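Here's a quick briefing to read with the model open beside you.

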Protein chains: 2
Amino acid sequence: MIVKNLADHAKFSPEKMAKADIASGETLFAGLNCFEPGQQHAAHTHAGQDKLYVVLEGDAEIQVGDETQLVSTGGGAFAPSGVMHSVRNCGDKRLIVLAVLAPPPNK
Amino acid sequence: MIVKNLADHAKFSPEKMAKADIASGETLFAGLNCFEPGQQHAAHTHAGQDKLYVVLEGDAEIQVGDETQLVSTGGGAFAPSGVMHSVRNCGDKRLIVLAVLAPPPNK
């Protein structure tokens with residue numbers, strides 16, 4: 001499956017961060033986390049699941065473990081299994097982050 | 001681990017596509033595939049391993065199975081386990097593609 005522009009699949013909700021699936025295989029899942037300004041995905045961990053973030057559009061404050069940084073388009077973050085992580089839209093535009101998880105959720 | 005600009009980690013070789021590791025966990029690996037103009041990663045498959053491509057910079061001709069498309073910055077492709085895929089730099093600038101594999105190679 002080839003996607004010309006990943007951000008075109010974004011979905012937003014006025015209530016909270018919205019998700020949009022991109023691809024799901026046996027060992028890897030990819031989806032978009034879509035944030036209106038001020039929205040966040042609160043700190044959480046996954047046991048037995050690594051996660052990679054790639055910022056596609058906007059300005060994110062990303063936390064991984066003890067590290068917190070402002071990351072914009074083209075930046076990313078890796079949260080290994082068991083390490084706390086969060087994302088917040090700290091900009092004044094919409095934020096679209098690609099999240100890649102292995103293994104996929106609910107498998 | 002947080003990376004301000006993934007493409008800053010790119011490495012190039014005049015002989016062939018070069019690779020640069022970004023992150024490696026228990027279940028997920030991320031690295032850069034870096035192509036000078038005209039260089040390619042020939043068609044290949046991985047058994048039991050899904051791969052996601054994200055184009056960070058440049059113009060890629062990506063093949064997945066029977067599908068071939070030109071994909072530029074912000075585009076991507078998903079090659080499930082066992083499905084043939086290839087990437088070629090069809091532009092006149094350097095091409096940097098993020099490749100995410102699960103499980104990691106050699107695990």
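Before we get to partners, a word on terms: two strands count as paired if DSSP finds at least two bridges between them. With that in hand, B:Phe35 has B:Leu95 of E10(B) as its bridge partner. Keep in mind that this is a predicted model.

**E3 of chain B and its neighbours**

- E3(B) and E10(B) run antiparallel, and seven bridges join them.
- E3(B) also pairs with E2(B), again in the antiparallel sense, over six bridges.
- E2(B) and E3(B) make a hairpin, and four residues sit between the two strands.

**How enclosed is E3(B)?**

- Seven of the seven residues of E3(B) are buried, so the strand is largely enclosed by the rest of the structure. Buried here means under 20% relative accessible area.
- Both faces are covered: one side carries B:Phe29, B:Gly31, B:Asn33 and B:Phe35, and the other carries B:Ala30, B:Leu32 and B:Cys34.

**A sheet with strands from both chains**

- Six strands line up as an open sheet in the order E2(A)-E3(A)-E10(A)-E5(A)-E8(A)-E1(B), with antiparallel pairing.
- The edges are E2 of chain A and E1 (2-3) of chain B, each of which pairs on one side only.
- Strand E8 (residues 76-79) of chain A and E1(B) run antiparallel and are joined by two bridges.
- One residue pair to look up there: A:Gly76 has B:Val3 of E1(B) as its bridge partner.

**The nonpolar core**

- The largest nonpolar core has 36 residues, and those with the most contacts inside it are A:Leu52, A:Leu98, A:Val100, B:Leu52, B:Leu98 and B:Val100.
- Strands E2 (18-24), E3 (29-35), E5 (50-57) and E10 (95-102) of chain A, along with E2 (18-24), E3 (29-35), E5 (50-57) and E10 (95-102) of chain B, each supply at least two residues of this core.
- A:Leu52 is a handy place to start looking: leaving aside residues up to four places away in sequence, its contacts include A:Ala77, A:Phe78, A:Leu98 and A:Val100 in chain A, and B:Leu28, B:Ala30, B:Leu98 and B:Val100 in chain B.

**Cis peptide bonds**

- In chain A, the bond between A:Ala102 and A:Pro103 is cis, with omega about -10 degrees. A:Pro103 is in the segment after E10 of chain A.
- In chain B, a cis bond links B:Ala102 and B:Pro103, with omega about -5 degrees. B:Pro103 is in the segment after E10 of chain B.

Terms used: Residues numbered from 1 in each chain as written. Chains lettered and ligands numbered in written order. Predicted model: local features only at pLDDT ≥ 70, side-chain atom pairs only at ≥ 80, totals over all residues. Heavy atoms only, no water. Core = buried A, V, L, I, M, F, W, Y, C linked by side-chain atoms within 4.5 Å. Buried < 20%, exposed > 50% of the residue type's maximum accessible area, 1.4 Å probe, protein only. Contact = heavy atoms within 4.5 Å.
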